[in-house]
Amino acid sequence: MSIQQVAQIASVSPSTVSRYLNGSLALKGDTKSRVDEALEETGYVHRPRAKRPAVEHRPVIGIIVPELTNPYFAVLAEEIIAAADQQSVSTMVFSAAYLPRNESHYVELAQRLGLDGLLYVGTTVRNDALNRALKAGFPIVVVDEPQELTEQSHTVFQDDYSGAFQAVSYLIGLGHRRIGFVSGSAVMRTAQDRFRAYGDVLRQHSIDPEEQFHGIGSFTEEYGATALAQILALERRPTAVFVASDIIAVGMAVSAKSMRVSIPSELSIVGYDDIPAARYLSPPLTTVHSPLPETARAAVDTIVHVIKSPASRPRHVVVPVGMVIRESADAVAETSHDGKTNTELIRTSTS
């Protein structure tokens with residue numbers, strides 16, 4: 001027998017019988033009598049269904065990154081996703097394509113979608129949408145790149161100044177005194193911190209930073225090739241260059257082969273980030289290692305804290321960095337009285 005048959009005999013709806021048997025509906029008078037009699041007549045035995053386990057609620061956070069074609073941001077996003085999963089947090093990734101309007105749009109979209117929080121890896125100095133979201137109490141952690149409102153927000157940064165200081169000091173220790181600086185956007189605070197450390201190290205060793213080669217362009221391999229061409233066009237070339245982004249350094253190192261420039265004997269290169277490609281270059285790239293797993297874990301720990309305690313005072317986490325010594329930088333070649341390296345003298349005498 002079925003509930004439908006019981007309902008037909010009692011002249012009620014099947015849902016009425018079902019709710020009566022489940023205890024969610026109290027019947028009275030004639031209706032109760034008819035349903036009870038129909039149950040007895042049909043011999044229907046009610047077997048309560050096992051309750052379904054409650055679905056686990058996983059917070060959902062958004063991750064805004066400048067792009068995913070740059071290995072640095074792609075790896076950072078993957079590490080954040082992995083760290084979030086370890087804490088039963090789901091993620092949505094938004095790629096802003098280096099466009100401020102996209103960064104603003106995704107901040108507003110994260111709120112409209114009802115996400116629980118946001119990790120903001122932006123490239124703009126100021127984002128009004130981000131500021132409005134913070135004032136509205138939306139949980140946000142600014143990661144990797146400082147904003148104008150950094151003091152009012154929770155942040156997780158790497159120690160860019162220290163990393164650059166180590167890199168330039170390493171080149172000084174190898175005997176280099178003509179050290180160039182190459183970077184992407186000069187507007188970004190991370191690039192500014194690295195340039196500031198570069199200048200501080202040179203001044204400590206009585207070297208004028210203003211007399212050195214400075215190349216500012218985009219965070220692309222193509223710009224790395226352009227920067228190398230600019231260096232080769234100089235009458236007095238640097239013997240080493242600190243490149244504030246590995247993706248640019250990769251472009252320099254790869255184009256060096258087609259330009260017949262030997263690295264490190266003619267030009268030492270030290271990069272920054274330690275992207276996966278750095279170790280596979282020929283020669284492998286000496287660089288500053290950006291600890292992306294540690295950065296990702298700190299970012300996820302902080303956003304989970306903010307979600308649970310939205311009124312908490314801003315946390316400012318600084319992740320330490322260190323160098324990875326490989327083969328793209330070497331001791332400076334000896335120079336003659338006219339400033340030419342041994343390699344340049346050999347080329348002159350054989351041409």
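**Exercise 1.** Find which helix gives the largest share of the lining of the largest cavity.

*Solution.* This is a predicted model in which local features need pLDDT of at least 70 and side-chain atom pairs count only at pLDDT 80 or more, while totals for chains, interfaces and linings use all residues. Residues are numbered from 1 along each chain as its sequence is written, and side-chain values use heavy atoms, with hydrogens and water left out.

Step 1. Take the cavities, sets of points on a 1 Å grid over the protein atoms alone where a 1.4 Å probe fits but cannot get out. Four have 30 Å³ or more, volume being the space filled by probe spheres set on the points.

Step 2. The largest has a volume of about 170 Å³. Of its 17 lining residues (an atom within 4 Å of a point), Tyr72, Phe73, Arg194, Phe219 and Asp273 are the closest to its centre.

Step 3. Helices are DSSP runs of H or I with at least four residues, numbered from the N terminus. Those giving two or more residues to this lining are H4 (71-86), H8 (189-204) and H10 (246-258). H8 gives the largest share, three residues.

**Exercise 2.** Describe how H7 and H8 cross.

*Solution.* Step 1. The axes, lines fitted to C-alpha atoms over the stretch in contact, come within 8 Å for H7 (residues 160-173) and H8, and cross at roughly 40° (N-to-C directions, scale 0 to 180 degrees).

Step 2. The crossing is right-handed: the near helix is turned clockwise from the far one by less than a right angle.

Step 3. In contact (heavy atoms within 4.5 Å), H7 residues including Phe165 and Ile172 meet H8 residues including Arg194 and Leu202.

Technical notes
On a 1 Å grid over the protein atoms alone, a cavity is a set of points where a 1.4 Å probe fits but cannot get out, and a pocket is an open set with protein on both sides within 12 Å along at least five of seven lines; lining residues have an atom within 4 Å of a point.
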